[in-house]
Amino acid sequence: MSSSTAATPRLDFAGSPVNKALTAEQKIELFRKMVRIRRFEQTALKYYNGGKIGGFLHLYIGQETVAVGTLSLCGEHDHNITAYRCHGHALTVGMGMNELMAELFGKATGCSKGKGGSMHFFAPDKNFWGGHGIVGGQTPLGLGLGYGLKYLGREGAALCYLGDGAVNQGAFHESLNIAALFEIPVVYVIENNGYSMGTSQKRSSAYRGCLAQRAEAYDMEWDVIDGSDLYEVRAKTHIAMERARKEHKPSILEITTYRYYGHSVADANAKKYRSPEEIENYKTNFDPIRLWRKRLIEEGVATEEQLDAIDKQAAAEATAAVKFAEESPAPTVEDIMKDVYWETDNNTPASKLGRHFFND
């Protein structure tokens, strides 16, 4: 997001049907979801820096509108899958802070029993098929979700999220080819924060106008969305999801956004490929939570005091989640052999054939 965006005439998407249908309570709930993401991650960062959380920690701070805006449109038969920057998506679909924080702490009460960590939050019961650590690895899986919907005759859409650094992976292009060829109801959402793992988009990708335009090579529809505008995210994503549901046609959406921190907290070069002025400009002029908060007050939907109270509740919830995580038990040594093979966990006849583990 460049500063020139501020001078560009903007369309107001508040009047789109999907946004006009929002009640005051639903608009406030969207604010609550974004604030919960940010407070959860700010708290996680504090304890990562304090040595309580290990491994990787890919923060979503600055990108909250993308997950909240798109996932707010999901219904019973819509499914979603994402990459390793998955905290925001997990919280948005309804996973609890306790199970997520415990997972970051590596505890047995975590959503993946302390074995997955930051990159592997899953909730199949909420149609959320997880975060994936292989760059672009989730894109054929998202295709599979869409294929399953069509095969079963369900009116739904599969939302598959990826970063701008994943658009050059072969698996992604193979997925686009099949999605177009077999008319699969999948919407690929490129969360374009401009820097992939630390290399600017212009230095890493060849394109004419935008990354989403590559869809034309596969005869797919595409669009570009301002990720700082929650109304625009919802309005344009709704069109793509309806195309998937009603016509079984795939789409690519490129949502321009920005991350405040590096690729992960372990990104040693986070302050070298971006200037402090660039980061501060985004925080000041394009912060999605600040803009939505301003919009709610201008519309008379909520007061400063109400929104401050929601913010405090989210911070308190994150603090309580840390307490839950710290007091939770760690996985046992025996747990390392569990949840690997269905056959051995459930003692099926197949578990008696051959060897499943080779290091015992």
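Visitor: I picked out Leu152 to begin with. In which helix is its place?

Guide: Leu152 belongs to helix H6, residues 138–152. Helices (H or I, at least four residues) and strands (E, at least two) are DSSP runs, numbered from the N terminus. Please remember that this is a predicted model, where local features need pLDDT of at least 70 and side-chain atom pairs count only at pLDDT 80 or more, while totals for chains, interfaces and linings use all residues. Residues are numbered from 1 along each chain as its sequence is written, and side-chain values use heavy atoms, with hydrogens and water left out.

Visitor: Which residues make the nonpolar surface patch?

Guide: Like charges are joined within 9 Å, and nonpolar side chains (Val, Leu, Ile, Met, Phe, Trp, Tyr) within 5 Å. Accessible areas come from the Shrake-Rupley method with a 1.4 Å probe, and for residues only the protein chains shown count as cover. Here Tyr147, Tyr151 and Leu152 make a nonpolar patch of about 390 Å².

Visitor: How many helices and strands does the protein have, and what box do its C-alpha atoms fill?

Guide: There are 13 helices and five strands. Along the principal axes, the C-alpha atoms fill a box of roughly 65 × 50 × 40 Å. The radius of gyration is taken over C-alpha atoms, and the globule rule is 2.2 Å times the number of residues to the power 0.38. For 360 residues, a compact globule would have a value near 21 Å, and the protein's 21 Å agrees with that. The accessible surface comes to about 16,900 Å², with 54% of it belonging to carbon and sulfur atoms.

Visitor: What share of the residues is buried?

Guide: Buried means under 20% relative accessible area, exposed over 50%, and partly exposed in between. In this protein, buried residues make up 50% of the 360. One of them is His263, with a relative accessible area of 9%, placed in the loop between strand E5 (251–256) and helix H10 (276–285).

Visitor: Which residues does His263 touch?

Guide: A contact means heavy atoms within 4.5 Å. Not counting residues up to four places away in sequence, His263 touches His58, Tyr84, Arg85, Ser196, Met197 and Tyr273. Across the protein, 72% of the contacts between residues at least 6 apart in sequence join residues at least 24 apart.

Visitor: And Ile279: where is it found, and what does it contact?

Guide: Ile279 is found in helix H10 and is buried at 14% relative accessible area. Leaving aside neighbours within four places in sequence, Ile279 contacts Tyr258, Tyr260 and Arg274.

Visitor: How is a pair of aromatic rings described?

Guide: By the distance of the centres and the angle of the planes. Rings of Phe, Tyr and Trp (its six-membered ring) pair if their centres lie within 6.5 Å; planes under 30 degrees apart count as stacked, over 60 as edge-to-face and the rest as tilted. The count here is nine aromatic pairs. Tyr47 and Phe105 form a tilted pair, 6.1 Å centre to centre with 50 degrees between the planes. Tyr47 lies in helix H2 (residues 24–49) and Phe105 in the loop between helix H5 (97–104) and H6, so this pair ties together parts 58 residues apart in sequence. Tyr258 and Tyr282 are stacked, at 4.9 Å and 20 degrees.

Visitor: Which residues do ring pairs link into a cluster?

Guide: Tyr258, Tyr260, Tyr282 and Phe286.

Methods: Patch = residues over 30% accessible without salt bridge, like charges linked within 9 Å, V, L, I, M, F, W, Y side chains within 5 Å. Salt bridge = Lys/Arg side-chain N within 4 Å of Asp/Glu carboxyl O. Buried < 20%, exposed > 50% of the residue type's maximum accessible area, 1.4 Å probe, protein only.
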